[in-house]
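Below is a short note for a colleague who has not seen this structure before. Please read the points with the structure open.

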Amino acid sequence: MNLYKYVSDAINEKLGFTANLEIPRNREFGDFSTNAAMVGAKAANKNPRELAGEILPKLQELDFVESATIAGPGFINIKIKDEFILKNASAPKPMKKQKQLVLDMDYGAYNVAKSLHIGHLRTSIVGDTFNRISKFLGHKTFSWNHIGDWGKPMALVIAWIEKMHPELPYFRDDFVAGTDVDFDIDPMELNTYYPSASQFAKENPDFQTHAQMIKARFQDGHPGYFALYEKFLKISLETMNKTVKRLNILPFDYDLGERNAAKYLPDVEKILRAKNLIQESDGAEIIVVKRDSDTAPMPPYMWTDSRGADTYDSTDLAAVYCRKITDNPDKLIYFTDLRQGLHFEQLFRVSELAGICDYDRFEHIGYGTINGADGKPFKTRDGNAAGLDDILDIANDAVRVRVIESGKNLDDETVSIIALAAVKFNDLLHDVKSDYIFDPKQITNFEGRTGPYVLYTAVRLNSVLKRANSVNELSQYQMGHDERDLLIQVLDFERTIETAFENRATDMIANYAYDLCQLINTFYHNCPILRDDVDESIRAGRLYIARIARDTLATAIDLMGLKIPSEM
């Protein structure tokens with residue numbers, strides 16, 4: 001139940017006009033407050049407090065209102081009946097929105113023959129959480145891992161393998177497709193090929209030129225290059241899937257990137273030329289996207305470069321075309337670094353100019369950077385950019401230290417679950433657009449606004465419910481303020497999820513989970529459940545509330561892509 005919406009709709013219907021409903025910071029004043037008297041005062045030609053006095057009896061006619069009082073210049077505080085709260089509080093269930101959207105979500109964007117790095121962390125976490133929230137609300141989603149698998153990096157990797165193993169038959173023009181070649185590539189070694197080749201190309205123009213030649217022939221279907229590419233592509237995809245599993249994110253619906261998009265380039269080019277959108281500029285082909293209303297620079301969109309090769313821009317547009325004819329989504333949502341904002345603005349404009357997809361169907365959710373304690377992009381101790389596995393390993397080590405210090409003995413799987421929660425919760429806790437500090441010691445704390453604290457709260461409730469063996473349904477129970485505050489937070493779950501979706505604000509789910517945990521722990525400390533001196537009827541009521549709270553927290557944890565360990 002969305003308690004906020006229920007109360008708001010009922011009040012507005014009762015009064016015959018629309019007023020704002022707010023949640024007071026201090027619950028002692030009431031569960032909700034409304035500015036109805038202040039909104040209606042002018043039309044009624046009355047003082048707000050005077051009108052509030054006339055509104056109170058109407059509000060008290062509503063079956064869920066315990067009391068309504070006037071505060072300040074005319075605000076009305078409302079307290080909800082305990083029995084109404086208790087009756088309507090329940091574990092959340094997947095929802096079905098009246099208007100179900102088809103959503104294409106582009107996140108992950110991993111690269112073939114490159115290890116995943118810290119820049120892939122936020123796109124994976126935020127994209128996956130938004131995907132989960134969307135599914136929970138009943139929308140149909142398609143997740144796309146738009147992998148880098150077609151351009152210059154592939155050519156550099158092929159050129160580097162040729163430099164190291166010139167005897168291999170892949171590089172000969174007479175290589176026959178389907179030929180079996182006894183050549184193994186170690187996954188760890190594969191990750192070194194691109195950076196090594198890229199650095200070597202900067203220092204050796206001939207190698208750079210050769211790689212450019214390989215790119216052109218590879219994209220034209222050279223059998224040997226393509227066979228070698230298929231070999232290391234398979235290795236890369238296996239590595240990616242291991243990382244996806246380690247991050248506990250949902251499997252992508254499509255692991256398709258630039259190579260797949262390239263198949264649609266002829267179709268897209270036909271559309272662009274039919275509309276006379278392609279212009280020549282210094283040997284390259286461009287599309288002008290600047291509008292008369294633009295005040296900031298808006299470079300043209302690059303269709304082909306000066307050598308006539310396909311570009312990142314062209315395959316991105318082809319990818320839009322592919323998704324439009326494949327999924328026909330209501331929204332195409334991209335989760336990338338904020339710094340790519342200009343590129344996506346150009347892409348959205350080109351798509352509309354070409355008539356491929358309307359501008360208002362696109363969204364770019366740009367995220368900030370992950371920084372170290374010095375405020376600069378986080379790096380490992382050796383000064384290199386952190387790999388994604390490095391981040392998880394650092395968190396694992398920090399959790400292990402915490403466990404040893406506490407005198408506990410947790411297995412490696414449990415430590416990994418806690419470490420992952422520390423990393424993901426810390427990411428989700430912040431507004432997507434904000435930069436944040438990655439501090440392994442702080443995020444692995446078992447107290448405070450952290451993932452381990454959230455998991456510990458869930459483990460604690462699971463332990464209580466397990467020891468209780470069974471929980472009966474409740475017909476009546478005299479609640480105290482701790483139980484009451486907890487259940488009102490439970491009843492705010494649906495509103496939180498809906499608002500998080502509407503505002504694309506995944507931080508709302510993390511902050512909701514933390515606030516819920518605080519209320520759960522207050523309830524746990526102030527309302528003993530299994531203690532021998534607790535009356536049986538009181539125990540039954542508290543167990544019922546504990547189960548609802550646990551189920552709500554477990555749902556929030558699942559939506560963040562976290563797992564609850566059996567012990568902590």
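Predicted model: local features only at pLDDT ≥ 70, side-chain atom pairs only at ≥ 80, totals over all residues.

1. The protein chain is made up of 568 residues. Its secondary structure comprises 21 helices and 13 strands. Along the principal axes, the C-alpha trace covers about 85 × 65 × 40 Å.

2. Burial and surface. Of the residues in the protein chain, 53% count as buried. The accessible surface is about 26900 Å², and carbon and sulfur atoms account for 48% of that area. Taking contacts between residues at least 6 apart in sequence, 72% join residues at least 24 apart.

3. Charge. The protein chain carries 67 positive and 84 negative side chains. The centres of these two sets are 3 Å apart.

4. Helix H5. This helix covers residues 119-136, and 16 of its 18 residues are buried, so H5 is largely enclosed by the rest of the structure. From first to last C-alpha H5 reaches 27 Å, close to the 26 Å expected at 1.5 Å a residue. Gly-138 follows H5 and has a positive phi, near 95°.

5. Ala-113 sits in the loop that joins strand S5 (102-106) to helix H5. Its phi is near 65°, a positive value in a residue other than glycine. Is Ala-113 buried or exposed? Ala-113 has a relative accessible area of 0%, and therefore counts as buried.

6. Asn-45 belongs to the loop between helix H2 (36-44) and helix H3 (48-60). With 72% relative accessibility, Asn-45 counts as exposed because the cut-off for that class is over 50%. Ala-113, by contrast, is buried.

7. Helix H13. What end-to-end distance should H13 (residues 341-354) have? Its 14 residues should span 20 Å at 1.5 Å a residue, and the end C-alpha atoms are 20 Å apart, so the two values agree. H13 is mostly covered, with ten of its 14 residues buried. Among the buried ones are His-343, Phe-344, Leu-347, Phe-348 and Val-350, and the buried set also includes Glu-345 and Arg-349. After H13 comes Gly-355, which has a positive phi, near 75°.

8. What H13 packs against. The buried residues of H13 pack against both helices and strands. The helices are H11 (265-274) and H12 (312-326). The strands are S8 (284-287), S9, S10 (331-337) and S11 (362-367).

9. Thr-304 in S9. One of the strands that H13 packs against is S9, and Thr-304 lies in that strand, which runs over residues 301-304. Thr-304 has 9% relative accessibility and counts as buried, because the limit for that class is under 20%. Leaving out residues up to four places away in sequence, Thr-304 touches Ala-284, Glu-285, Ala-309 and Thr-311.

10. Helix H15. H15 (residues 412-429) has 18 residues, which should span 26 Å at 1.5 Å a residue; the end C-alpha atoms are 25 Å apart, so the geometry agrees with expectation. H15 is mostly covered, with 15 of its 18 residues buried.

11. The start of H15. Which residue caps the N-terminal end of H15? Asp-411 does, through a side-chain oxygen that lies 3.3 Å from the backbone nitrogen of Glu-413. Glu-413 is itself in H15 and, at 58% relative accessibility, counts as exposed. The C-alpha atoms of Glu-413 and Pro-565 are 8.6 Å apart, although 152 residues separate the two along the chain.

12. Thr-450. This residue is in the loop between helix H16 (440-443) and helix H17 (451-468). Thr-450 is buried, with a relative accessible area of 2%. Its side chain has a polar atom 2.6 Å from the backbone oxygen of Asn-445, and a polar atom of that side chain is 3.2 Å from the backbone nitrogen of Tyr-453. Aside from neighbours within four places in sequence, Thr-450 contacts Phe-425, Gln-442, Ile-443 and Asn-445.

Terms used:
Residues numbered from 1 in each chain as written. Heavy atoms only, no water. Helix = DSSP H or I, 4+ residues; strand = E, 2+ residues; numbered from the N terminus. Expected span 1.5 Å × (residues − 1). Buried < 20%, exposed > 50% of the residue type's maximum accessible area, 1.4 Å probe, protein only. Polar contact = N/O pair within 3.5 Å; in protein donor to acceptor, adjacent residues only side chain to side chain. Contact = heavy atoms within 4.5 Å. Areas by Shrake-Rupley, 256 points an atom, 1.4 Å probe, with all protein chains shown as cover. Lys, Arg positive; Asp, Glu negative; His and termini not counted. Charge placed at Lys NZ, Arg CZ, Asp CG, Glu CD.
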